[in-house]
Amino acid sequence: MSTTTTPTKKKTTAKASSASALPRVICHMVPSIDGRIVTTRWAGMKQLGALYESTAGHYEADGWIIGRVSMAAYVADQKGPTPRLRTSSPLPRTTWIAAADATSFAIAIDPAGKLRWKHGAIDDEHVITVLSTSVSDAYLAHLRAVGVSYVFGGADSISLRRVLRTLRSRFGIETLLLEGGGGINGAFLADDLIDELSVIVAPTADGSVGTASLFDSPRTHAPRALKLLAVEPRGDAVWLRYAFDGKRR
Ligand SMILES: NC(=O)c1ccc[n+]([C@@H]2O[C@H](COP(=O)([O-])OP(=O)(O)OC[C@H]3O[C@@H](n4cnc5c(N)ncnc54)[C@H](OP(=O)(O)O)[C@@H]3O)[C@@H](O)[C@H]2O)c1
């Protein structure tokens with residue numbers, strides 16, 4: 001989450017895995033009691049942020065993935081032209097691994113290549129960006145120069161399933177925290193790619209209209225049923241864990 005939360009990650013060694021396997025995906029978020037997720041006006045975010053961190057640590061994830069809007073908060077200076085570097089020859093639209101020894105990952109879904117990366121790490125987590133094949137060679141050359149890994153999710157739209165497969169088979173990611181915002185969470189929900197939902201329900205009734213919510217799916221789909229795994233009161237907040245019932249893979 002952009003304001004207060006960078007999840008705790010476990011260091012693991014990348015393992016070889018079958019090309020069809022997907023990482024386990026846990027959607028970990030702090031919604032208000034009415035499902036809004038823009039936290040800037042809420043009280044008590046320092047404590048909620050700490051709670052978010054500690055509960056994220058429970059999953060011992062290899063990485064976290066967020067949408068382009070949420071990731072912009074982690075990438076300094078989003079103004080000015082998109083960085084470009086001249087290339088002498090065309091660059092292939094294939095996975096680029098900038099840090100072969102990385103064991104924990106910060107991943108952005110940025111189909112058009114809008115994020116202006118300056119480094120290949122957030123804290124000590126290696127950055128992977130998910131692109132469409134329509135990005136320019138000059139942008140790819142820039143990513144290579146600053147040490148950002150990239151994977152392609154498709155030409156016109158991103159296939160999240162394909163991306164997950166690549167993250168597992170090429171980067172050894174077995175457990176992944178999906179951390180918003182609503183747009184990216186909704187896309188994972190629509191594609192039935194979430195194994196578990198972990199929410200710290202903030203003791204806040206937000207009430208704003210048109211604000212990003214826990215799931216803002218890009219298309220209409222059947223509501224997904226959930227199975228309660230655990231309920232833990234934490235002060236005035238509650239940590240709720242649910243499995244997705246009847247999830248199709
Ligand atoms: N409370 C919490 O726990 C929490 C956690 C995280 C974030 N947040 C908040 O959530 C808000 C942002 O949420 P958001 O829904 O507006 O943005 P978001 O999900 O962070 O990012 C949405 C963007 O990601 C890209 N994207 C998402 N799904 C895609 C898909 N299926 N295919 C291709 N691209 C896809 C698109 O980028 P392009 O527009 O470039 O195409 C899209 O505009 C922020 O206010 C943030 O602070 C709250």
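The arc is that of the directions from the helix axis to the C-beta atoms. My cut-offs for burial: a residue is buried if 20 or more other C-beta atoms lie within 10 Å of its own, exposed if 12 or fewer, and partly exposed in between, with C-beta atoms placed from the backbone. Helices (H or I, at least four residues) and strands (E, at least two) are DSSP runs, numbered from the N terminus.

I note that this is a predicted model: local features need pLDDT of at least 70, side-chain atom pairs count only at pLDDT 80 or more, and totals for chains, interfaces and linings use all residues. Residues are numbered from 1 along each chain as its sequence is written.

After H3 comes Gly-147, with a positive phi near 85 degrees.

In strand S5 (residues 125-131) I picked Leu-131. Leu-131 is buried, because 25 other C-beta atoms lie within 10 Å. Leaving aside neighbours within four places in sequence, Leu-131 is in contact (C-beta atoms, placed from the backbone, within 7 Å) with Asp-110, Pro-111, Gly-113, Tyr-150 and Phe-152. I also checked Leu-131 against Gly-172, 41 residues apart along the chain: their C-alpha atoms are separated by 19 Å.

**Helix H1**

I tested the length of helix H1 (residues 45-57). At 1.5 Å a residue its 13 residues should span 18 Å, and its end C-alpha atoms are 18 Å apart, which agrees. The expected span is 1.5 Å times one less than the number of residues.

Which residues of H1 are buried? They are Leu-48, Tyr-52, Thr-55 and Ala-56. Down the axis of H1 they fall within an arc of 100 degrees, so they line one face of the helix. The face turned away carries the exposed residues Lys-46 and Ala-50. Cover for the buried residues of H1 includes strands S1 (24-29), S7 (175-178), S8 (196-201) and S10 (237-244).

The largest nonpolar core has 61 residues, and Leu-178 and Phe-188 have the most contacts inside it. Such a core is a set of buried Ala, Val, Leu, Ile, Met, Phe, Trp, Tyr and Cys residues joined through C-beta atoms within 7 Å. Beyond four places in sequence, the contacts of Leu-178 include Val-25, Ile-65 and Phe-188.

Most residues other than glycine have a negative phi, and most peptide bonds are trans.

- The peptide bond from Gly-180 to Gly-181 is cis, with omega near 0 degrees. Gly-181 sits in the loop between S7 and H5.
- Asp-123 has a positive phi of about 55 degrees. With 9 C-beta neighbours inside 10 Å, Asp-123 counts as exposed.
- Asp-192 has a positive phi near 60 degrees. With 15 C-beta neighbours inside 10 Å, Asp-192 counts as partly exposed.

How values were computed: Contact = placed C-beta atoms within 7 Å.
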